[in-house]
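Please look over the chain and its fold below.

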Amino acid sequence: MASSTKKEASLAEVGENLFNYAIERDELKPILQNLPSESKVDPVAMEYEIQILKIVSIGWGIAYFAPDEARKEAVAQTYWNIVQQFSGNISSMSSASAGKDIDYFNIVKDRLDIYVKALNVFSDVEDPGPVIGHTYAKLCGDEEDMYVMIAGKRVFHLSLAAVKGYFESVEIV
């Protein structure tokens, strides 16, 4: 029997690591910086929406790639609790500067609902990436912008692949 090369990690560590990846921006920078100049999409809107898409995609990745049902629910709950805490901080800062109440976690949940509804409309597709990409482009302000559609699809696929790879590399203890 082959020895396992998986790193042991607690549930809290797994949730924290997945969250840290969800807010990591290094892989997003080239996508955002290469928005064509002729695009009608506001780069600020694109950046805002791409971060939410990545957070949502990591949540989906947990649902699909967690090692088993018991851990899947525990990891998902841990992850979304961290997202909610983070969202509270963002909401406080944003509300103070905007002078009105902003509920970032509610915004994340709304985006999740929008993506789920889009996938329900196209439930027969083999690859949900194009549906996510098109929905992302629509949220950014131009559902016909091919670059933005591909960017959304790419972030979705990269996020899912990263979650899958992460679960393959850790043993939750």
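Where does valine 116 lie? Valine 116 is in helix 5, which spans residues 104-121. Helices here are DSSP runs of H or I with at least four residues, numbered from the N terminus. The model is predicted, so local features need pLDDT of at least 70 and side-chain atom pairs count only at pLDDT 80 or more, while totals for chains, interfaces and linings use all residues. Residues are numbered from 1 along each chain as its sequence is written, and side-chain values use heavy atoms, with hydrogens and water left out.

Valine 116 counts as partly exposed, at 32% relative accessibility. The cut-offs are under 20% relative accessible area for buried, over 50% for exposed and in between for partly exposed, with a 1.4 Å probe and protein chains only. Valine 116 and valine 131 are 15 residues apart in sequence. Their C-alpha atoms are 10.0 Å apart.

**Helix packing**

Two packed helices are described by the angle between their axes and the distance between the axes. Axes are lines fitted to C-alpha atoms, for helices over the stretch in contact, and angles run from 0 to 180 degrees between N-to-C directions.

| Pair | Angle | Axis distance |
|---|---|---|
| Helix 3 and helix 6 (residues 129-140) | about 145 degrees | 9 Å |
| Helix 3 and helix 7 (residues 146-169) | roughly 35 degrees | within 8 Å |

Helix 3 passes helix 7 in a right-handed crossing. A crossing is right-handed if the near helix is turned clockwise from the far one by less than a right angle, and left-handed if anticlockwise. On the helix 3 side, the contact residues include Met46, Ile50, Leu53 and Trp60. Helix 7 brings, among others, Val155, Phe156 and Phe167. Contact means heavy atoms within 4.5 Å.

Helix 3 also passes helix 6 in a right-handed crossing. Here helix 6 contributes Ile132, Tyr136, Leu139 and Cys140.

Glycine 165 is found in helix 7. Glycine 165 is partly exposed, at 31% relative accessibility.

**Aromatic rings**

How many aromatic pairs does the structure hold? There are six aromatic pairs. Rings of Phe, Tyr and Trp (its six-membered ring) pair if their centres lie within 6.5 Å; planes under 30 degrees apart count as stacked, over 60 as edge-to-face and the rest as tilted. One of the pairs is tyrosine 48 with tyrosine 104: the centres are 6.3 Å apart and the planes at 75 degrees, so the pair is edge-to-face. Tyrosine 48 lies in helix 3 (residues 43-65) and tyrosine 104 in helix 5, so this pair ties together parts that are 56 residues apart in sequence. Tyrosine 48 is partly exposed at 34%, while tyrosine 104 is buried at 8%.

Tyrosine 79 and tryptophan 80 form another edge-to-face pair, 5.1 Å centre to centre with 75 degrees between the planes. Tyrosine 79 is buried at 0%. Tryptophan 80 is partly exposed at 21%. Ring pairs also link Trp60, Tyr115 and Phe156 into a cluster.

**Serine 91**

Serine 91 sits in helix 4 (residues 69-98). Serine 91 is buried, at 9% relative accessibility. Its side chain reaches the backbone nitrogen of tyrosine 104 at 2.7 Å. Leaving out residues up to four places away in sequence, serine 91 touches Ile102, Asp103, Tyr104 and Phe105.

How values were computed:
Helix = DSSP H or I, 4+ residues; strand = E, 2+ residues; numbered from the N terminus. Polar contact = N/O pair within 3.5 Å; in protein donor to acceptor, adjacent residues only side chain to side chain.
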